[in-house]
Amino acid sequence: MSAILAWLPYTGRAALLLLILFAPGMAILRGAGYRRLFALGAAPPLSLSVVTLTGIVCRHFSIRYHGWALGIGALAIVGLVVLLTRKALGPLPSRSPYGLAPPRLSSGRAVLAAALGAALIIAAPIALQWDPALPVQQIDSVFHYNLAWTIEQTGNASLLAGASWSFSLRAIPAYYPLVWHAVVAGVGRGDIVGTTNTLVVLVPLVWTLGIAVLAREAFPASRWAPVMAPLVATLLPAYPVYMIAFRQLWPNALGYAVLPAILAMLLRVVRLLEHQEEVGRRRVVITLAIFAVALLGAIAAYPSTLFAFCLTGLPLLGRVLIALGRGIRRRIGPRAMRYLVGGAIIGALAAAAALVLDPAVLGRLGRSSYAGFSGLLLRIAAMITLWPMGGGRTPFLLTLAIQSLLILLGLVVTARRRDWRWIVLAWAAPMLVLAAAYFPLRPLTALTGLWYNDPYRIIPLVIPAIALLGAAALDALMDRLAAARHRVSGRRMASAVICALVIGGLGAMPARLLASRSAYSAAAPTLVEVLSADEAEMIRSLPGSLDPDLMVLGDPAAGAAYVQALGGQRSVFPHMTFRGLDTDALYLAKHFARIRTDPRVCEIVRHYGIGYYYADAPGRVLGIDPVERAPGLYGVDVSQGFEEVASGGGATIYRITACGPVSTDRYPWTLDSAEEPLLDVNPPPTFEAEEP
């Protein structure tokens with residue numbers, strides 16, 4: 001109970017986050033004539049587009065980005081879009097015909113309740129084990145906390161330059177998908193950590209609502225399939241809990257969370273195109289435009305979402321192209337159509353080549369792969385169960401059995417119906433890529449580099465199709481039973497199936513608890529442990545004790561990076577990893593311990609306004625030896641030239657006096673060109689005097 005009570009102070013922030021995630025997109029979709037449940041479930045990707053555009057516009061007009069700017073910008077953008085949409089629709093009826101909104105048999109309230117219940121089952125292990133006031137610990141999470149804090153300080157939430165100050169000493173204008181961080185900064189109000197943790201808990205709701213509306217689009221004539229689909233998704237713990245709680249890849253997780261909503265909108269586009277004569281070309285164009293904007297919002301959240309969408313939506317994209325081709329052919333004739341198709345193919349190949357030849361994409365495709373045949377049985381089991389982590393215990397075995405049975409039955413059911421066969425392909429395509437991540441299947445194994453050759457980044461792409469397969473299987477099973485036993489009411493049967501799915505979802509709870517355990521629990525070691533609760537409290541008490549214009553130097557593997565998001569103080573190393581081009585910071589990491597004998601150290605300290613040193617024993621970071629990586633940040637003689645300012649949890653912060661006065665006006669939080677380091681990128685070797 002105490003764990004739940006700890007989240008109560010964050011209910012206001014949760015409400016604001018939900019407003020940002022759902023309100024703009026829902027208003028746009030309602031203005032275009034969509035029904036309420038679809039508008040709610042499909043809203044997040046459109047809302048992310050609104051956040052993205054607001055950040056870029058604020059940056060362009062030198063307007064500081066914050067909560068009010070986001071709110072006013074969202075109102076302006078939504079109002080303009082709704083006005084233009086309404087004007088474009090013109091005399092068309094506000095209630096759309098069959099092609100846009102077919103009649104439903106499922107209850108909207110039942111579907112919504114199932115989505116909310118599924119989100120609760122998924123998010124419960126996180127809420128029960130995390131303290132919302134404490135930062136979670138992973139290689140990526142500390143960077144995401146600090147980037148949101150940086151946006152709050154700079155007022156720059158543009159994807160094109162907002163992350164410039166969030167890497168280390170050398171600020172370089174660069175693109176970064178910071179929509180997640182912009183959402184957090186819009187609500188943060190001085191508590192970036194608590195706001196971020198609250199958003200993490202809300203991601204499952206975005207996911208389950210998207211699956212609900214996807215199922216409603218896929219099975220418009222079914223009463224119970226849209227209710228079952230989000231509950232089927234609870235049988236698979238790999239996403240979102242593993243990605244948001246264990247690996248803490250939050251922008252990636254947000255991009256995946258809106259994927260079902262994108263697929264639902266694409267399915268709506270398919271239906272529109274196949275009923276063009278009924279709905280009219282104008283409505284088709286408007287719906288295509290809304291879909292394109294939603295897709296851009298998902299890509300802005302995380303660019304690899306584009307590859308995920310192309311893989312899972314491939315069969316639907318094929319239907320879109322066929323429908324478009326038929327419509328165009330009727331208007332321009334077969335001969336002109338051949339020329340158009342040829343040009344389109346050439347354009348598509350050119351675009352694909354440009355994308356593949358991009359250095360970032362080539363770098364991913366050339367990554368070393370995990371694929372192989374060692375531990376063959378474990379690889380096969382992991383691919384079949386979609387849970388390579390283990391530790392689920394007996395209840396989870398029952399859940400896995402239910403999951404496997406539903407997939408098999410769903411494949412049989414959907415393969416028999418022509419309008420459902422796309423679901424089979426949407427399941428098979430990512431499963432094939434997943435197999436290539438486990439086993440060497442060239443050239444598919446190289447393709448897995450788009451997802452960092454990581455099975456956990458590919459598994460989420462299969463889950464929407466599995467949710468639909470399970471829902472189709474259960475719906476067909478209920479129809480068979482109802483036909484065999486006329487006295488059994490459909491509602492009773494559905495209630496029994498729902499209860500079974502809830503029990504199955506709860507059976508996956510041990511696996512979710514394992515994936516979302518807290519780094520502050522001594523009984524549960526995690527991959528990264530660099531901060532204790534007492535140390536976090538000490539950092540939180542820093543405002544008022546330190547000069548906010550001075551930076552803090554320390555190893556992020558010892559907890560120093562958290563001084564930004566928790567203490568409001570800039571850190572020399574705000575990320576757990578170091579950048580090779582940041583030569584000044586790397587020099588300090590190697591040589592700061594020689595501060596009294598190496599004049600370059602003090603030159604860098606004075607130039608960048610580094611006023612404090614964070615001393616602590618190295619923590620544990622998987623794959624990193626902190627002392628070997630940054631020997632100059634450990635074993636520093638603080639008997640002279642340092643004054644203790646604060647301490648707690650084994651860590652101590654010292655004021656650096658060994659270098660005399662340091663600059664206090666170095667960072668105006670504006671950047672028009674790359675910051676040049678004091679040292680060369682490849683400095684010549686220098687003699688280093690030993691300590692006396």
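Leaving aside neighbours within four places in sequence, which residues is Arg 319 in contact with? Select Arg 319 and look around: Val 270, Glu 274, Asp 419 and Trp 422 are in contact with Arg 319, where contact means heavy atoms within 4.5 Å. A quick note before you go on: this is a predicted model, where local features need pLDDT of at least 70, side-chain atom pairs count only at pLDDT 80 or more, and totals for chains, interfaces and linings use all residues. Residues are numbered from 1 along each chain as its sequence is written, and side-chain values use heavy atoms, with hydrogens and water left out.

Back to Arg 319, which sits in helix α17 (residues 314-332); helices (H or I, at least four residues) and strands (E, at least two) are DSSP runs, numbered from the N terminus. With a relative accessibility of 25%, Arg 319 counts as partly exposed; on this scale buried means under 20% relative accessible area, exposed over 50%, and partly exposed in between (1.4 Å probe, protein chains only).

Next, pick His 144 in helix α7 (residues 141-154). His 144 is buried, at 3% relative accessible area. Residues up to four places away in sequence aside, His 144 touches Tyr 176, His 181, Gln 248, Trp 250 and Pro 251.

Follow that list to Gln 248, in the loop between α11 and α12 (250-257). Gln 248 is not a glycine, yet has a positive phi of about 60°, and at 3% relative accessibility counts as buried. For another case, jump to Ser 62: a positive phi of about 55°, again without being a glycine. Ser 62 is exposed, with a relative accessible area of 71%, and lies in the loop between α4 (43-60) and α5 (67-89).

Now show helices α11 (residues 238-246) and α24 (residues 455-484), whose axes come within 9 Å and cross at roughly 150°. Axes here are lines fitted to C-alpha atoms, for helices over the stretch in contact, and angles run from 0 to 180 degrees between N-to-C directions. α11 and α24 are therefore roughly antiparallel (the label is for angles over 145 degrees).

Four strands make an open, mixed sheet in the order β2-β3-β6-β5; strands pair if DSSP finds at least two bridges between them. β2 (551-553) and β5 (642-648) are at the edges, each with a single partner strand, so one side of each has no neighbour in the sheet. β2 pairs with β3 (residues 610-615) in the parallel sense over three bridges, and Leu 553 has Tyr 613 as its bridge partner in β3. β5 and β6 (residues 651-656) run antiparallel, joined by six bridges. The two form a hairpin with two residues between them, and Gly 649 in the turn has a positive phi of about 65°.

How values were computed: Parallel < 35°, antiparallel > 145°, perpendicular 65-115°, else oblique.
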